[in-house]
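Thanks for making the time this morning.

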Amino acid sequence: MAEFLRSIPLFWAKVISIFLYLLLALWVITRPREFIYRGAPDGKGWRDLRWWAITLIGIQIFLYLIF
Amino acid sequence: MKEVLAQHIDLFLIVVYLLAIFLFGVLFREYVTSTEDYFLAGRALPWWVIGMSIIGTNIGAYDYVGAAGGAYRFGIAQANYEWLGAIPAMIVSALIIIPYYWKNKVYTVPEYLGKRYKEGVRVIEAVIYGLFLVMLLGIFFWASGIMLHTYLGWSIGFSIVVTAIVVGFYTISGGLAAVAITDVVQLGIMFVGGFAVAGVGFAKAGGVAKFFQTLKAAHPQHLKVFLPLNNPAYPWLGMILGLGLVLSPAWWCANQSIIQRALGARSEWDARAGMMFAAFPKTLIPLLVVLPGFFALMFAPSGAINNPDQALPWVVKNLLPPGIRGLVFVAFIAALHSSVDSTLNSAATLWTKDIYQKYIKRDGSDRHYLIMGRILTFAFIIFGVAFAPFTEKFPGIYVAMQTLLSFFQGPTLATLLLGVLWWRSTGWGGFWGLSLGVIIAVVLSAAGVNFLYVAWWSFVASLLINVVVSYLTPPEPPEKLRGLVYGFLEKDQEFKRAVEERLNG
């Protein structure tokens with residue numbers, strides 16, 4: 001098992017982490033709107049936390065692609 | 001003459017900072033009239049204060065020194081602690097976990113676990129976290145003493161007492177509100193100081209592009225975010241499994257110091273948005289803590305740095321001009337204070353709500369618990385000051401504290417996740433999963449397993465034990481799970497109505 005893990009190229013660490021980020025993004029965008037806005041004083045677009053999360057995930061994927 | 005003047009500017013900046021922070025305590029004192037004011041800022045915090053306070057709490061002076069040292073030795077892989085080891089967990093915390101804390105109007109994470117499982121789980125979690133936070137205070141005070149002694153020449157004892165008086169005064173006076181607002185100011189100072197270091201370093205290197213070209217040519221491995229499995233500190237699998245999937249979610253979903261700000265939110269949306277907003281400055285933290293390590297790598301002459309933890313002090317001492325140096329020093333002090341105040345307030349909250357109010361005096365008035373919260377805060381300051389010198393006797397104590405954290409982070413996360421996400425998880429499942437998970441973590445650690453893998457395997461073991469014991473014990477009655485479990489709240493109309501009724505009093 002240890003031998004097998006050691007044989008995995010480092011490139012796959014990036015692939016796994018980016019795949020996990022994409023999975024998280026998919027989960028985030030499928031959250032219902034009423035859940036996201038619960039407790040918000042109004043329904044303005046900037047309060048949609050899904051976009052906050054997608055922006056954060058996008059920045060992360062960019063960083064992991066370049067480093 | 002020029003050096004003396006520069007030293008006076010630095011000293012002036014430090015004194016102005018200490019006085020300004022002291023005044024916050026005076027200003028906030030009148031707003032604290034109940035335990036809710038003291039422990040949860042009257043549940044009035046807006047999202048941006050929560051977000052900045054969370055990051056102020058998260059970043060301590062030790063992070064600056066340790067992370068810069070890590071970057072000096074291993075490179076950008078150190079940034080995993082701020083990226084993969086934080087951002088996903090913060091998003092999950094904001095969208096799944098925090099709504100359950102906030103809706104149940106709890107003061108502490110153990111209080112939620114006690115409601116969801118049984119009192120035994122609350123006691124174990126409260127005692128573990130309570131002791132951890134109190135011991136952490138001693139380390140923070142000692143670090144503060146060392147910094148003031150090194151920079152200003154004050155004696156360590158005097159430095160510790162000054163820190164205790166300044167931080168203790170505004171924490172006891174203003175409670176969480178004063179702590180959160182000072183955290184905002186302190187985070188601002190940290191970023192100004194961090195950007196100043198980055199600006200000076202890049203200027204000296206001939207620009208950002210030139211800097212990275214030179215670094216890549218001289219140290220190509222330092223710009224790789226993942227390191228091979230045989231790396232002693234940051235093996236890539238350990239980073240993904242241990243840090244990304246266990247330690248980080250446990251920190252961002254179950255750490256009382258972090259979560260308490262969200263519990264003080266003025267609305268559920270503010271609580272979630274606060275955590276999400278915190279992830280933006282968190283993304284930028286490597287600018288503050290990783291870049292100085294790179295600057296030391298690039299500019300320090302061979303042999304100048306014997307210990308990686310000297311990387312940041314070397315940069316401050318040798319690269320920064322007077323004035324900027326004082327500003328960066330104030331940023332360190334601010335980072336330290338923002339961690340001390342949050343730890344103090346959270347320790348007092350845990351011991352007052354989960355131990356004192358639950359097991360020592362159940363029928364006290366709100367005013368009684370407010371006074372007790374303040375007395376405990378004061379007691380923890382005294383304990384922290386008294387414990388601080390012992391930190392010197394154990395040079396590895398900070399590392400030991402990190403290892404200690406890995407003993408209970410995995411089992412805590414497993415217990416919390418199953419509690420929130422799986423209705424079938426029972427009180428005994430939570431109790432045995434948490435207790436045996438901690439024991440397994442201790443055994444693995446004693447066997448010399450890397451702490452990242454200790455966290456992962458104790459998490460897996462705790463998860464399995466919880467599931468097996470839960471299936472062997474009768475399910476919890478539905479009325480006990482109302483408003484506490486994800487599936488129930490989202491799907492069941494009756495439970496939805498029950499939650500609404502509970503929220504409406």
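**Interface and voids**

Let me begin with the interface, where 35 residues of chain B are in contact with 33 residues of chain A. Please keep in mind throughout that this is a predicted model. The two chains bury about 3200 Å² between them, and carbon and sulfur atoms account for 79% of that area. On the side of chain B, the residues that lose the most area to chain A are Leu95(B), Trp236(B) and Trp269(B), which together make up 22% of what that side buries.

Turning to the polar part of the interface, the count is 11 residue pairs in polar contact between chain B and chain A, with both residues of each pair at pLDDT 80 or more. As for where the chain B side comes from, the elements that give two or more residues to it are α5 (87–103), α10 (236–254), α12 (268–289) and α22 (486–491) of chain B. Of these, α12(B) gives the most, with nine residues. Sorted by class, the side of chain B that touches chain A has 28 nonpolar, three polar and four charged residues.

How many salt bridges cross the interface of chain B and chain A? The rule finds one, and in a salt bridge the side chain of Glu268(B) meets that of Arg38(A), at 3.3 Å from N to O.

The largest cavity holds about 50 Å³ of space, and the residues that line it include Tyr64(B), Met190(B), Leu288(B), Pro292(B), Leu312(B) and Phe332(B). Two elements of chain B, α8 (156–205) and α15 (324–360), are the ones that give two or more residues to this lining, and the largest share, four residues, comes from α8(B). By class, the lining of the largest cavity divides into nine nonpolar residues, two polar residues and no charged ones.

The last item is the second largest pocket, which has a volume of about 530 Å³. It is lined by 19 residues, and those that lie nearest its centre are Leu24(A), Pro88(B), Val92(B), Gly244(B) and Leu245(B). The elements that give two or more residues to this lining are α2 (11–29) of chain A together with α5, α10, α18 (397–421) and α20 (451–472) of chain B.

Which element gives the most to the lining of the second largest pocket? That is α2(A), with six residues, while by class the lining has 17 nonpolar and two polar residues, and no charged residues.

Note on methods
Residues are numbered from 1 along each chain as its sequence is written. Chains are lettered from A and ligands numbered from 1 in the order in which they are written. This is a predicted model: local features need pLDDT of at least 70, side-chain atom pairs count only at pLDDT 80 or more; totals for chains, interfaces and linings use all residues. Side-chain values use heavy atoms; hydrogens and water are left out. Contact means heavy atoms within 4.5 Å. Buried area is the accessible area (1.4 Å probe) that two parts lose on being put together, summed over both. A salt bridge is a side-chain nitrogen of Lys or Arg within 4 Å of a carboxyl oxygen of Asp or Glu. A polar contact is a pair of N or O atoms within 3.5 Å; within protein, one must be able to donate a hydrogen and the other to accept it, and residues adjacent in sequence count only if both atoms are side-chain atoms. Ala, Val, Leu, Ile, Met, Phe, Trp, Tyr, Cys and Pro count as nonpolar, Asp, Glu, Lys and Arg as charged, and the others, Gly among them, as polar. On a 1 Å grid over the protein atoms alone, a cavity is a set of points where a 1.4 Å probe fits but cannot get out, and a pocket is an open set with protein on both sides within 12 Å along at least five of seven lines; lining residues have an atom within 4 Å of a point. Grid points are joined across faces, edges and corners, and a volume is the space filled by probe spheres set on the points.
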